[in-house]
Amino acid sequence: MPLRLRILVAQLNLLVGDVDGNRDQVIAAANAARNGQKADLLVFPELTLTGYPPEDLLLRPELTERTQAALRRIAAETRGMALILGYPKAALGGLFNVAGLVSDGQVIAEYAKQLLPNYRVFDEKRYFQPGNGPGILEFKGTRIALTVCEDIWEEGPTRQATAAGAELLININASPYHLDKAPEREALVRLRAQEHGIPIIYANLVGGQDELVFDGGSFVVDAAGNLTHRAPYFEAASLVVDMDLEHRPRPLPGAVAPVLEREEAIYRALVLGVRDYVRKNGFAGAVLGLSGGIDSALTLAVATDALGPELVEVVLMPSRYTADMSLDDALEQARILGVKASILSIEPAFKAFLGMLADQLPDRDAGVTEENIQARCRGIILMAISNQQGKMLLTTGNKSEMAVGYATLYGDMAGGFAPLKDLSKTLVYRLARYRNRRSRVIPERVLTRPPSAELRPDQTDQDSLPDYDLLDEILKRYIEDDQSVAAIVAAGYPEAEVRRVARLVDRNEYKRRQAPPGVRITRRAFGRDRRYPITSGF
């Protein structure tokens, strides 16, 4: 029996549905592991061949046919290496989420995921049947247990595996990012190791997929729950794990990537989400409206960091209400970041629409109607540029605005991706300051002047909304924590404001249903994470 076992965790960025492309990544990683790192065993994330989550692609028999063909190709082209990877498998009249061991040109062992998450962004019970037994395989004299993602979150599968004689547990994952998820994962896996006296390898996916961002951070703990290895966050990586087998498997100390501070983790999630959404969907770059305000300023910083300045374009669209300082600040940021900037006044279009609508907009003040016409003029301009140049239009709205409907359908909501969609306004400011600490890319005045949509004279956001510090606290409790109005008031918040905010959230569900997807940051994001009826008497 060998005294050492070298395991390589391949933390890959995969593309959902691209079975052939994902297959080729596996084969390339296997060749590199065999020839470079001299690994004995290579471990890939959950549903490696389909990417995660494949959603209703799983309902197409063609998908599982393709994955089986890819699996045969991998087995034929990776002789001399042993691989653990994930894929869907049709068997016994159902579909299973499987982790399989491929070695010597064939699939040696398979394990079907037992615990199927069906909460928040997960709906695996829609597609898969649960497995019902441990997956134990013997590899080079070591008894290894396979589990898949959710299996580690409850004690049962780990207890079952150790009772069956497992000496090492490998858990393959597609675990998406949200605030503070990484330390939560590590604490849980440490506990499982301590409970059952078994080392655990946790292999995670990395990359953006629609609203979700997978943050990587694959890691290893020993039988006492001590962390011995950690892969970097938010980037593809290979994690080399040497196991000492002299008595029982024991991971030798290895590379431990640093833990990220909260603002850095959020910012990197945004960058990865934008980069992958634009690139994986085949767009030539990104375009956005740059107003001189904080939201578009942060969106531009994220887009430039994600794609490079050569692929990002901004358009300044002043109206009769736009302050000179807004134009100055927007142009300064465009210059600092080195992106192409154009100035296209919306005044001719605004006048034309007011003329066309003169009979419908009598002498009385048109108020919000005229404000929305301005926003829609801008939306038309930006969509035209997006269409012509093949660039993704990034919207710039934040979660606070989307929650209460402080956004214009077919205006500033027009676009294909919303990077700040799950960021409260107060978090937008924190991230902007974080980015400026790295290097100054946002003019200081953008951070200090009162936020304004500049759609009427001397307008500020607080003309229509509570102070953002108060608003964001109420919104967190109502949206993310599911607290009732009565509970929020009992916690000390002013009843009139709480009732007004709750009413605005409820009545604007129809707007959010038409909003573009955006990066999920919190435990409760709008979109697939929070699905409320539009028409409701609750």
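**View 1. Six strands make an open sheet with mixed pairing, ordered S6-S7-S8-S9-S12-S13.** This is a predicted model, in which local features need pLDDT of at least 70, side-chain atom pairs count only at pLDDT 80 or more, and totals for chains, interfaces and linings use all residues. Residues are numbered from 1 along each chain as its sequence is written, and side-chain values use heavy atoms, without hydrogens and water. Strands (E, at least two residues) and helices (H or I, at least four) are DSSP runs, numbered from the N terminus. Two strands pair if DSSP finds at least two bridges between them. The edge strands, S6 (135–139) and S13 (227–230), each pair on one side only.

**View 2. Strands S7 (residues 142–148) and S8 (residues 168–172) run parallel as a pair.** Five bridges link S7 and S8. Isoleucine 144 stands opposite leucine 168 of S8.

**View 3. Helix H15 covers residues 495–507.** Its 13 residues should span 18 Å at 1.5 Å a residue, and the end C-alpha atoms are 18 Å apart, which agrees. The expected span is 1.5 Å times one less than the number of residues.

**View 4. H15 has a buried side.** Val498, Val501, Ala502, Leu504 and Val505 are the buried residues of H15. They cover an arc of only 160° around the axis, which puts them on the same side of H15. The arc is taken from the directions from helix axis to C-beta atoms. The face turned away carries exposed Ala496 and Arg507. Buried means under 20% relative accessible area, exposed over 50%, partly exposed in between (1.4 Å probe, protein chains only).
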